[in-house]
Amino acid sequence: SRDPQGWEAFRNYVHGQVRELLTNYGPIDVIWFDGAWPHSREVWRSQELVDTIRSLQPGILINNRLGLSEDDQAEEGVGRSRTLGDFGTPEHHITPETGRLWESCQVSTWRLWGHTIGERWRPADYLLDMLVEAAGQGGNLLLNVGPTSQGELPAEFVARSDAIGRWLARNGEAIYGSEAGDVTEFITYCRQTRRGNSLYLIVRFWDGRGEVRLAGLATPVRRAVLLATGQEVPFTQSGDELLISGLPVESPDELFPVIRLDCAAPPQASAWAVPRLWQGDPARMAGWARARGTSVWADGKPRP
């Protein structure tokens, strides 16, 4: 506002840089903007920029950080458009976005996006858990790493990504090409993904009891397979309760073992189980709340 001519020159420069990047370097799959503050999408002429991008690279994916509308108070201060771009970018949290693609943007360290000395690194199982949580809710994970001053990937990151790579070599079918898998009430043990007629149980907590009980799966199961070993494991299914048995006492994977359930059809939850899922309808608790009134006791009466 203090230098309209300077701002106009800078905005034209940004638009020109985008045009150059998308003209001189062949097919580009993704363009990723990182914030538009302090100005609105109108001031940035973001729609015009998107039109230019799509004319130059018709098959490109554009993220959502193109500035909020001057009339959009719901997103004030974050610059993340609900209407421009193809996919959402929740940062430092895993929150599904309905109606479009999304990826959770996370760091591989405790605090910073760039490389710095004295940083603490998140362990491999923590990073993998972010990946399977995002996949289990139908999204992608964008995992950041900052290269060293020598332009190299830090050894700590390489060790962790190698461990996750080994896990994906054994269990990648549970992640690549998967869909959100919130089918059964199993959140205390694992994440879930789906592919076709298969339900993948990504077990974060292996309790060594040799069996896993699953409630609320309405679809008949034809086979259960432990992906780490390829071993078929026995199961019984009675109604909508599934008992998988014959599992090893020791965890068969250094990170998260995966059990694939091959079903007779795309896996579905039983009617009673749907409102109990993580994203289920909390109205199911209304009757319980009415019965108990203002007390924790079943008769609703307070105790001295």
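Guide: What follows begins with the salt bridges and then turns to helix packing, backbone angles and a surface patch. The model under discussion is a predicted one.

Side chains of opposite charge can pair when their charged atoms come close. In this structure there are 21 salt bridges. One of them joins the side chains of Arg 65 and Glu 91, with a nitrogen-to-oxygen distance of 2.9 Å. Arg 65 belongs to the loop between β2 (61–62) and β3, and Glu 91 to the loop between β3 and β4, so this pair ties together parts that are 26 residues apart in sequence. The two partners may also be described by their accessibility. Arg 65 counts as buried because its relative accessibility is 2%, and the cut-off for that class is under 20%. Glu 91, at a relative accessible area of 23%, is partly exposed.

A further group of charged residues deserves attention. Glu 173, Arg 223, Glu 232, Arg 260 and Asp 262 are linked in a network of salt bridges. Within this group, Arg 223 and Glu 232 form a salt bridge whose closest N and O atoms are 3.3 Å apart. Glu 232 is partly exposed at 49% relative accessibility, and Arg 223 is likewise partly exposed, with a relative accessible area of 32%. Another salt bridge connects Arg 260 with Asp 262, and here the closest N and O atoms are 2.8 Å apart. Arg 260 has a relative accessibility of 12% and therefore counts as buried. Asp 262 is buried as well, its relative accessible area being 14%.

The helices come next. Two packed helices are described by the angle between their axes and the distance between the axes. Helix α1 (residues 4–23) packs with helix α3 (residues 46–56) at an angle of about 15°, and their axes are 10 Å apart. That angle makes α1 roughly parallel to α3, since angles under 35 degrees fall in that class. The crossing of α1 past α3 is right-handed. A second pair consists of helix α4 (residues 124–136) and helix α5 (residues 155–171), whose axes come within 9 Å and cross at roughly 50°. These two helices are therefore oblique to each other. The crossing in which α4 passes α5 is right-handed.

Two loop residues have backbone angles to be noted. Arg 45, which is not a glycine, has a positive phi near 55°. Its place is the loop between α2 (41–44) and α3, and Arg 45 is partly exposed at a relative accessible area of 24%. His 92 also has a positive phi, of about 65°, although this residue is not a glycine. His 92 sits in the loop between β3 (87–88) and β4 (101–107). With a relative accessibility of 42%, His 92 counts as partly exposed.

Finally, the surface may be considered. Val 30, Trp 32, Leu 61 and Leu 101 make a nonpolar surface patch of about 340 Å². Val 30 lies in strand β1, which covers residues 30–31. This residue has a relative accessible area of 41% and is partly exposed.

Terms used: Residues are numbered from 1 along each chain as its sequence is written. This is a predicted model: local features need pLDDT of at least 70, side-chain atom pairs count only at pLDDT 80 or more; totals for chains, interfaces and linings use all residues. Side-chain values use heavy atoms; hydrogens and water are left out. Patches are made of residues with over 30% relative accessible area and no salt bridge: like charges are joined within 9 Å, nonpolar side chains (Val, Leu, Ile, Met, Phe, Trp, Tyr) within 5 Å. Accessible areas come from the Shrake-Rupley method with a 1.4 Å probe; for residues, only the protein chains shown count as cover. A salt bridge is a side-chain nitrogen of Lys or Arg within 4 Å of a carboxyl oxygen of Asp or Glu. Helices (H or I, at least four residues) and strands (E, at least two) are DSSP runs, numbered from the N terminus. Buried means under 20% relative accessible area, exposed over 50%, partly exposed in between (1.4 Å probe, protein chains only). Axes are lines fitted to C-alpha atoms, for helices over the stretch in contact, and angles run from 0 to 180 degrees between N-to-C directions. Angles under 35 degrees count as roughly parallel, over 145 as roughly antiparallel, 65 to 115 as roughly perpendicular and the rest as oblique. A crossing is left-handed if the near helix is turned anticlockwise from the far one by less than a right angle, and right-handed if clockwise.
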